[in-house]
Amino acid sequence: MKATTYIELMQTVMQMDRASKLHGSMLEGMNIQGATELTHTQAATLKALGAISQ
């Protein structure tokens, strides 16, 4: 799963949350490499919640 902006990432997370209450972090494994318009703090927060950047 890949989103390009922070807003799209958050929209995806909200959709995933509504669709199925996932076990663990909703962001676990979400690839944020190449995401645009992310601040350093936003990227760090997403990574802390399980997103990856590879």
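Student: Which residues make up the largest nonpolar core?

Tutor: In this predicted model, the largest nonpolar core holds 10 residues in all. In soluble globular proteins, nonpolar side chains tend to be buried together. The members of this core are Leu 9, Val 13, Met 16, Leu 27, Met 30, Ile 32, Ala 35, Ala 43, Leu 46 and Ala 51.

Student: Which helix gives the most to this core?

Tutor: Both H1 and H2 supply at least two residues of the core. With 3 residues, the helix that gives the most is H1.

Student: Which residues does Val 13 touch, not counting residues up to four places away in sequence?

Tutor: Val 13 is one of the residues of the largest nonpolar core. Leu 27 and Met 30 also belong to that core. With residues up to four places away in sequence not counted, Val 13 touches Met 26, Leu 27 and Met 30.

Student: How many helices and strands does the protein chain have?

Tutor: Helix H1 covers 6-19 and helix H2 covers 40-48, with a loop between them. The totals for the protein chain are 0 strands and 2 helices.

Student: Is Asn 31 buried or exposed?

Tutor: Asn 31 lies in the loop between H1 and H2. Its relative accessibility is 19%, and the cut-off for buried is under 20%. Asn 31 therefore counts as buried.

Student: What does the side chain of Asn 31 reach?

Tutor: Asn 31 is a loop residue, placed between H1 and H2. Its side chain comes to 3.1 Å from a backbone atom. That atom is the backbone oxygen of Gln 54.

Student: Is Thr 5 buried or exposed, and which residues does Thr 5 touch?

Tutor: Thr 5 is found in the segment before H1. Because its relative accessibility is 18%, Thr 5 counts as buried. Not counting residues up to four places away in sequence, Thr 5 touches Thr 36 and Glu 37.

Student: Is Glu 37 buried or exposed?

Tutor: Glu 37 is in the loop between H1 and H2. The relative accessible area of Glu 37 is 67%, and the cut-off for exposed is over 50%. Glu 37 is therefore exposed.

Student: What is the phi of Glu 37?

Tutor: Most residues other than glycine have a negative phi. Glu 37 is a residue other than glycine, yet its phi is positive. The value is near 65 degrees.

Terms used: Residues are numbered from 1 along each chain as its sequence is written. This is a predicted model: local features need pLDDT of at least 70, side-chain atom pairs count only at pLDDT 80 or more; totals for chains, interfaces and linings use all residues. Side-chain values use heavy atoms; hydrogens and water are left out. Helices (H or I, at least four residues) and strands (E, at least two) are DSSP runs, numbered from the N terminus. Buried means under 20% relative accessible area, exposed over 50%, partly exposed in between (1.4 Å probe, protein chains only). A polar contact is a pair of N or O atoms within 3.5 Å; within protein, one must be able to donate a hydrogen and the other to accept it, and residues adjacent in sequence count only if both atoms are side-chain atoms. A nonpolar core is a set of buried Ala, Val, Leu, Ile, Met, Phe, Trp, Tyr and Cys residues joined through side-chain atoms within 4.5 Å. Contact means heavy atoms within 4.5 Å.
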